[in-house]
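Here are a few friendly notes to read alongside the model.

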Amino acid sequence: MYSEKVMDHFQNPRNVGEIENASGVGTVGNAKCGDIMRIFLDIDEAGIIRDVKFKTFGCGAAVATSSMATELVKGKSVQEAMLVTNKAVMEALDGLPPVKVHCSLLAEEAIHAALWDYAQKNHIEIEGLKQPKSDIHEGEEEEEY
C-alpha cells in the first residue's frame with residue numbers, strides 16, 4: 001500500500017516538464033522494470049538550483065519519487081543536492097513498498113546524472129560526485145530466482 005504522500009505526488013506531480021538550455025540534464029533508467037527518469041536543472045552562478053523539472057516514464061512510484069526529488073533539491077546548493085539520497089526521498093514520501101525502492105534509487109541517480117552533466121559543461125568538479133550509470137542495474141550481478 002502506498003502512503004498518502006506517494007499518492008499525492010503521483011496524482012499531482014510537482015515540477016513536471018523540461019527546462020530549455022538546462023544547466024544539467026540527467027537521464028537514468030532501470031532496464032529490468034522499464035522506468036526512465038530525466039531531470040533538468042537550472043543552476044545559477046552561485047551554484048544554487050533555481051529551477052528543476054522532470055519527465056518520467058514509469059509506474060506511479062517512479063512519478064512520485066521524481067516529483068519528491070525535485071522538491072528536495074529546488075532552491076538548494078549543488079553540494080546540498082548531492083546529499084539527497086534515495087533514503088531521503090523515501091522518508092519524505094513516508095516510505096515505499098520494498099518492490100518500489102528502486103524508484104527512489106532512480107531519483108537519486110537522475111539528480112547525480114544532471115549534476116554530472118552540469119559539472120562537465122562547466123569544467124568543474126563536484127566533491128563526492130562520481131560518473132553516473134545510465135542504468136541503475138549496471139555492474140550488478142544478475143539476480144537468480
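**Notes on the sheet and core**

1. Arg38 has Lys55 in S3 as its bridge partner. Strands (E, at least two residues) and helices (H or I, at least four) are DSSP runs, numbered from the N terminus. This is a predicted model, where local features need pLDDT of at least 70, side-chain atom pairs count only at pLDDT 80 or more, and totals for chains, interfaces and linings use all residues. Residues are numbered from 1 along each chain as its sequence is written, and side-chain values use heavy atoms, without hydrogens and water.

2. Strand S2 (residues 35–43) and S3 run antiparallel, joined by eight bridges. Helix H2 (residues 60–73) packs on the sheet and touches S2 and S3, contact meaning heavy atoms within 4.5 Å. Helix H5 (residues 101–121) also packs on the sheet, touching S1 and S2.

3. The sheet is open, with three strands in the order S1-S2-S3 and antiparallel pairing; a pair needs at least two DSSP bridges. Strands S1 (24–30) and S3 (49–57) are at the edges with a single partner strand each, so one side of each has no neighbour in the sheet.

4. The largest nonpolar core has 38 residues, of which Ile39, Leu41, Leu115 and Ile126 touch the most other members. Such a core joins buried Ala, Val, Leu, Ile, Met, Phe, Trp, Tyr and Cys residues through side-chain atoms within 4.5 Å, buried being under 20% relative accessible area (1.4 Å probe, protein chains only). H5 gives the most to this core, ten residues.

5. Leaving out residues up to four places away in sequence, Ile126 touches Val78, Gln79, Met82, Leu115, Tyr118 and Ala119.

Definitions and conventions. Axes fitted to C-alpha atoms, helices over the stretch in contact; angles between N-to-C directions. Buried < 20%, exposed > 50% of the residue type's maximum accessible area, 1.4 Å probe, protein only.
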